[in-house]
Amino acid sequence: MCLAIPAMVVELCGKDEALVDLDGVRKRISLAMVDDVAVGDYVIVHVGFALQKLDVGEAEATLALLREIARAQQAAGEAGPAELP
Amino acid sequence: MCLAIPAMVVELCGKDEALVDLDGVRKRISLAMVDDVAVGDYVIVHVGFALQKLDVGEAEATLALLREIARAQQAAGEAGPAELP
Amino acid sequence: MKYVDDFRDGTVARALGAAIRAGARPDREYRLMEFCGGHTHAISRYGIADLLPPQVRLVHGPGCPVCVLPVGRIDQAIRLALEHGVILCTYGDTLRVPASGRLSLLRAKGRGADVRMVYSPLDALQVARANPAREVVFLAIGFETTTPPTAVAVKQARAEGLGNFSLLCNHVLTPAAMHAILAAPGGVRLDGFVGPAHVSTVIGSAPYEPFARDHGKPVVIAGFEPLDVMRAIQMLIRQIDDGRAEVENEFTRAVTAEGNRKAQALVAEVFELRDAFEWRGLGTVPASALRLRPAFAGFDAEARFAVPAVPVPDHRACECAAILRGEKRPQECRIFGTACTPDNPVGSCMVSSEGACAAHYTYGRFRVEAAPTETTRT
Amino acid sequence: MKYVDDFRDGTVARALGAAIRAGARPDREYRLMEFCGGHTHAISRYGIADLLPPQVRLVHGPGCPVCVLPVGRIDQAIRLALEHGVILCTYGDTLRVPASGRLSLLRAKGRGADVRMVYSPLDALQVARANPAREVVFLAIGFETTTPPTAVAVKQARAEGLGNFSLLCNHVLTPAAMHAILAAPGGVRLDGFVGPAHVSTVIGSAPYEPFARDHGKPVVIAGFEPLDVMRAIQMLIRQIDDGRAEVENEFTRAVTAEGNRKAQALVAEVFELRDAFEWRGLGTVPASALRLRPAFAGFDAEARFAVPAVPVPDHRACECAAILRGEKRPQECRIFGTACTPDNPVGSCMVSSEGACAAHYTYGRFRVEAAPTETTRT
Amino acid sequence: MRLPHSHPLDLEHGRIDLSHGAGGRAMAQLIEDLFARELGNEFLAQGDDGARLPACTGPLVMATDAHVVSPLFFPGGDIGCLSVHGTINDVAVMGAQPLYLAASFVLEEGLPLAGLARIVASMAAAARAAGVPVVTGDTKVVERGKADGVFITTTGVGVRLAGIDVSGANARPGDAVLVSGPLGDHGMAIMSVRENLAFDAPIVSDTAALHGLIADLLAAAPDVRVLRDPTRGGLAATLNEIAHQSGVGIVLDEAAIPVRPAVAAACELLGLDPLDIASEGRLIAICPAAGAERALAALRAHPLGTEAVRIGEVIADERRFVQMKTRFGGRRMVDWLAGDALPRIC
Amino acid sequence: MRLPHSHPLDLEHGRIDLSHGAGGRAMAQLIEDLFARELGNEFLAQGDDGARLPACTGPLVMATDAHVVSPLFFPGGDIGCLSVHGTINDVAVMGAQPLYLAASFVLEEGLPLAGLARIVASMAAAARAAGVPVVTGDTKVVERGKADGVFITTTGVGVRLAGIDVSGANARPGDAVLVSGPLGDHGMAIMSVRENLAFDAPIVSDTAALHGLIADLLAAAPDVRVLRDPTRGGLAATLNEIAHQSGVGIVLDEAAIPVRPAVAAACELLGLDPLDIASEGRLIAICPAAGAERALAALRAHPLGTEAVRIGEVIADERRFVQMKTRFGGRRMVDWLAGDALPRIC
Ligand code: SF4
Ligand code: SF4
Ligand SMILES: [Mg+2]
Ligand SMILES: [Mg+2]
Ligand SMILES: [Mg+2]
Ligand SMILES: [Mg+2]
Ligand SMILES: [Mg+2]
Ligand SMILES: [Mg+2]
Ligand SMILES: [Mg+2]
Ligand SMILES: [Mg+2]
Ligand SMILES: [Mg+2]
Ligand SMILES: [Mg+2]
């Protein structure tokens, strides 16, 4: 449910709106649901609205944890030979 | 101006209307402009209305006169060889 | 077609033509105006000119309701459709009449106007019934023939309480136009009129008496079939040669002296005279057109919508005015057949096939353009 | 796509899968319900099942707003469009939902209904602005994620005085549905929940505490990317094996304990709880949906138009109800893949690609149908 | 390609929706269960996005026409058979044997499948009767209000008959102008069922495939110079086209031009000229005057040409005018119609 | 046929009206001054209702497609060039050399002539560049609200290349599945300019004529078994069609399937699958695995195939399923899309 995707704010527009970018695709969205958005922030976009800001620190932390689990598992010898990111 | 054509009344329909026939083409028209129309009468049809009844006696008289003029002229030797109606 | 084909008989026509040739004086010209577009059309479509002696000169009059409608009135209809969003109903004849800004009702339709062709004014009522949430305007044109059906439609709308129906009324009067032609300063030389067929079924033959009595012009009311026209021409030639000026009736099968009283009463109930009305070609003619009576003012589109008729000058080169007054022939217009053709009419005489220019272009121009190898006269 | 592709990495996935396999007890089954269709979709689209040990059994929950919408609500929308002539705006997702009489909004469109797909509720406002003479109804569906945008649109409509805009409100509440599942008589055996991603960005993680605390079910809130789902499964297995029942948050990059207060305030301003609402599959669930507050009653399509929602029984053979409660799998429905396919859905779980049946049909049925020559497991 | 479909196509109550044009299973089902079933032949059965056909001997001819007739059903036919006849005729009047048709459909969302099924069955019957198979096709669906029920474009391929050279540019002064039967039946049949004109008339469309008639004509009179079907714009437009292509004039004899009484009467009521009204199963042939009787005899010997007559002659005229001696005894031009044939009141 | 016209066609401010389709002088002028002028070639210049073409050697191929794209203009193309490319491709994927096109237009009353002129010029340029002339055509005009600007049906005729036997029914287990470049650019370019979706993206349609690429491929790899352009329904529909026609299964490798980042991103935003999105200048080729590298090399040597890759293999599977190993490490089916590709919110 609730298709939403994080995109980067590249421009703040008048009246609580922003232009966001997702790999070159740019769309104007509403910021009516979130405060204090700045250019460079990632927001989660749903039906033309920013649902929430993405916490980049938390995102990186989650990724680091996932990679760590994977590395540990690889070290334990169970996963295939592929290079982990 | 005022495209109109005589057609024969083949049916009287409710509410001041009639079905007229012109060589097999049948159309429903209004009789709002004419009184005392009977089946078999010829009426002059314009924009879906009977404009006027056609006086069949006068029509035949006019035709007879035209043919008479033509015949007289043919007798006078001026017209071509065609058979007059 | 009974009582139609009979009056198109070629054998009778040839003999009647010979009789006319035999009867006409070789030493004079007969300048006869057929007031009606219906006659103009018949003359061209049947090639009647080929059967007449050269001294009979037919002059085309203004009796084509499309041709005499000023540009400003079509502009009004287009604005109603484009700006006021009404459903504009009208007869097929008016769809191609050139309006301002290179528009016409047909082109306005292409730009989003909701324009619907109707066959009868009662069809416009049906459109109004079927679209209760929309305003439906019937652009009415026509002479006395077409007016009574409009009157019936308006009365019917009132009876049904069809509040979304209204009328853009352009009904005009034949005798007033004939009078304007005769009264034109330095006007045309005319020896007589072929009088209207179907207009006369409604108004009768009596209204033409002043033209005979006061202006000394013979009038012969004629049917629209080609034998009717030829017979009327013969009758006019007789009157002229006899020095008479009377109203005669060739179309006795449909026209009486008093006309259709019921139709006249319908018109009188719904319409009243306008003080004056602009005619293309004739200018502003007093007491020459009708408008809705105050009792029917609710059905008057001009009152209901703010669309004044703005007079629009004709194209500079256009000779429609002179042609509609019978002063010039189509081929005397500088742009006839070049800039002005039935495909791209500049003047209104080029629009309807009853218009003098369109009839000449469509049916008759082989007579005046460079002759072909084969001779064109049989 | 930054912060998207990272969470779809196959190399990490394979190692994480191995870790889960290594960590899960071989002697027990883990029955985990992913409440959300977003998770159902990710599980199918990325083939996550292939990376999990067989003792992990994923149970699809009712978290697809299209799937839980009762037929009667779509019927309402269709009647608004076909009988009341409104412009019915809605998301692409709802257009193909089967309604009564073999209709759907898409089929109603083919029968003349003016149905418009929108991407955002603000687009529906734009339709209302552009069509001031028409009534425009926005058929709103969705859980807590989608409700605040609707609230913004309604507030905007009031601010602009858009009197021709109204809302057919079908916004529903996640915790109420989770509660209904756990409260179902003879309900499903579940060992834990993969908690909603985007719903939780709005409501926060706190509302799930009762499920852990009172029902003893661990909840791990997870993002919709496949690594999020796998990690959440790992966390759930740990809780279960540890005998814990807590609310944990895997989706920390977007979800906080308190959620989005601004969004919550918007919803609270515009909407209030309905006493009860009919859910497909779950029946009438108390306090499980929202309606407009009296202050916004003018924008309530249900108040403005006389279109009561008439309950419609599901197709006799349809097992959607059991599937939405997590009691059955799609392939256990007698008409799955025969009478009911995504092209001709009978039940709503076959409509959205987030529906359990559609996801299984579209992405997963190769697993259960007769095996091909090549082995399907890599 | 035969797919398992969960529901049979509901040809009774079903309607076209956008999925029927989206390239998925619904479209495949429509093609299999309606188009392929009705129109079926070995080429269509290949199931590819085009047809593999045999090699053919002789120069090719290709013609295409979009059919947008409204209403879709009319006395004597429908858009389906019309779309087959129209293109067969355009190939045949090039002096060719029509061999294959391609058909492309634009369907309006909401179109009743029952109507579409009638149309496709009618196409199939027409193609079968003519011996010219529909070998490939295409289906698109557009939103309601973006089309008018069904548009069908047919494209025909044929092979020119040996020893025949017909073209609109070949008319020569002195040639005779022939017509295979009464004019305007098709156009007037359509008008009789138009919502805003509806009248009752014993008029049925003349729609027919003319390649058999043409083959017989050319076998008897291989010196025929021009063949044309007087469709849009009627006889008037067709002859004006020929006059312009050939740089000649044409003189018609009104008394000889066949028009059925009901068609003439409907024209009178509507203020139209029968010479402007379309036929869809009539042939105009222009041939040397010396061969005219032989050509007429060949036409009259075929069921579609029993009422064939000579209606005029080609003359030298740099102005390329089409003229007509009227039955009344005068003469007039027969010009292209300006604009569409709109009913007149004056 | 050159007529004297009273006014030049107003290509700046003019609009299509019903007279442009009525068979009169206005139609003749539109054809002369726009269609014939732009598309002009010796065949079209014949001025008849069809084209007389040379004889051609070898078995014929015929394909037809209606083009109804909305909007008419989109990044990277318009309905004009698209209608040329689409049919050339359908002929070429039959293993044929496309030779001639027929084009039929359904125009909506009110269509600006300026737009039509751009479309026709674009068709002409595409046909010229491809060396496949439009040899005959047709124009119909329908009332406003009965079409959507312009519909163009093109029909192509070609001759099969000697020694080539490609068909959707020819795939065999073990064959390699190749694609000539990234998928979905065309469909996503269209969506980016749809009124209710409009987003800004560096996405241009891939519309292109593939017959040159195909000729090069077949010269290098005459053992290619299947060629297909993944248009409506995208790769998913095309491969499902082939699987059904050939009675096989297909297994794709998601990691190998080329999709441009912006196309993938737009799909994420709209809830669509790039495998369902149409391309109009991409080629799917299926060939014996042994010849795959030679075929890939031939594709990559052509400007339209530089990004060609191998994306999967054909397997034996009576169920005719298309499956995919996901980049993530799992497996799923790639089914036909149900209905139209509608943006989702959930
Ligand atoms: S040719 Fe045209 S412009 Fe000239 S008088 Fe006639 S209608 Fe007017
Ligand atoms: S297969 Fe269809 S009918 Fe059966 S449970 Fe699923 S959605 Fe309902
Ligand atoms: Mg053609
Ligand atoms: Mg044709
Ligand atoms: Mg033709
Ligand atoms: Mg196709
Ligand atoms: Mg329609
Ligand atoms: Mg095709
Ligand atoms: Mg194609
Ligand atoms: Mg193709
Ligand atoms: Mg054509
Ligand atoms: Mg449109």
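**A tour from a buried aspartate to a chain interface**

Start by selecting F:Asp90, which is buried at a relative accessible area of 1% (buried means under 20% relative accessible area, exposed over 50%, partly exposed in between, with a 1.4 Å probe and protein chains only). This is a predicted model, where local features need pLDDT of at least 70, side-chain atom pairs count only at pLDDT 80 or more, and totals for chains, interfaces and linings use all residues. Residues are numbered from 1 along each chain as its sequence is written, chains are lettered from A and ligands numbered from 1 in the order in which they are written, and side-chain values use heavy atoms, with hydrogens and water left out.

Next, select ligand 10, a magnesium ion coordinated at 2.2 Å by E:Asp49 (OD), F:Asp90 (OD) and F:Asp229 (OD). Donors are N, O and S atoms within 2.8 Å of the metal (3.2 Å for Na, K and Ca); water is not among the atoms, so sites may look incomplete. F:Asp90 lies in helix α2 (residues 79-92) of chain F, and F:Asp229, 139 residues apart from it, sits in the loop between β9 (226-228) and α6 (234-246). Helices (H or I, at least four residues) and strands (E, at least two) are DSSP runs, numbered from the N terminus. F:Asp229 is also buried, at 4% relative accessibility.

Finally, show chains E and B. Here 17 residues of chain E contact 13 residues of chain B (heavy atoms within 4.5 Å). The count of salt bridges between these chains is 0 (side-chain nitrogen of Lys or Arg within 4 Å of a carboxyl oxygen of Asp or Glu).
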